[in-house]
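Thank you all for coming. I would like to walk through one model with you this morning, starting with a pocket and then turning to the sheet and the helices.

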Amino acid sequence: MEDQRPAEMAADQLAALLCARLCHDLVSPVSALSAALSVLDDETSADMHEDAMDLVRESSRQAQAKLEFARLAYGAGGSAPATLDTRELRRLTEAMFAPSKPEIVWKVETPGLEKTPSRLLMNLCILAVESVPRGGTVTIEATESGGGARIRIVAEGPRARLNEDAVKALEGQPPENGYDGRSIQPYFAGLIARNAGGRVSAHAGEERIEFVALVQPHASTLS
């Protein structure tokens, strides 16, 4: 942990790119909701109203899940430092990734995690799920001791892959073409760990990606 830290991104650029990422994530359910409401407003499409209502319910659920997840993963998620109930973290994670192909396997036994490792865990979950687009499993583990934490997330599935830009971004190294709304999320995950005196590593094997993160006890947070 004595390695020289990379030069970090300016706060205004980080905020702008995280906002771009959040907007990108919300476009799909919000657009679907708008389309469904248009069908409901069309009196000539009465035969499609039931399907439209189903779409309204599902799109609303997805938008709510994404916002609740992002509130903690990217934002403060409430008032300053606190220990979060891991049952709530599990609820947020399972709701967020319910439409995704990989199965979420929750093996977090500690009853609570401080806000910094909680946020780090959620950001690594995003990377893990995206690593197995054809389905499989994402196994989530975390232990806590004296304010420090160790997080291990393993994504397994057909053609599991980790984008090279994501690996660089995790380490705080700009991708060749600079950061964008996609690579900013792994950069943010790595930044959380670095600001907490820790680190994140990612290892790719055959149909398997493993993320391991360490957070120092009594570390400063991004709240």
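Predicted model: local features only at pLDDT ≥ 70, side-chain atom pairs only at ≥ 80, totals over all residues.

Residues are numbered from 1 along each chain as its sequence is written, and side-chain values use heavy atoms, with hydrogens and water left out.

By class, then, the lining of the largest pocket has 11 nonpolar, 5 polar and 7 charged residues. A pocket, on a 1 Å grid over the protein atoms alone, is an open set of points where a 1.4 Å probe fits, with protein on both sides within 12 Å along at least five of seven lines, and lining residues have an atom within 4 Å of a point. Of the 23 lining residues, Arg21, Asp25, Lys66, Ser100 and Glu130 lie nearest the centre of the pocket. Helix H1 (11–41) gives the most to this lining, with 5 residues; helices and strands here are DSSP runs, of H or I over at least four residues and of E over at least two, numbered from the N terminus.

Let me turn to the sheet. It is an open sheet of 5 strands in the order S2-S4-S5-S7-S6, with mixed pairing, where two strands pair if DSSP finds at least two bridges between them. Strand S2 (103–106) and strand S6 (199–205) stand at the edges, each with a single partner strand, so one side of each is left without a neighbour in the sheet.

Within the sheet, S2 and S4 run parallel and are joined by 4 bridges, with tryptophan 106 opposite isoleucine 140 in S4. Strands S4 (residues 137–145) and S5 (residues 148–156), by contrast, run antiparallel with 9 bridges, and alanine 142 has isoleucine 151 in S5 as its bridge partner.

Finally, the helices. The axes of H2 (residues 49–73) and H4 (residues 115–131) come within 8 Å and cross at roughly 130°, axes being lines fitted to C-alpha atoms, for helices over the stretch in contact, with angles from 0 to 180 degrees between N-to-C directions. That makes H2 oblique to H4, since angles under 35 degrees count as roughly parallel, over 145 as roughly antiparallel, 65 to 115 as roughly perpendicular and the rest as oblique.

Key:
Nonpolar A, V, L, I, M, F, W, Y, C, P; charged D, E, K, R; others polar.
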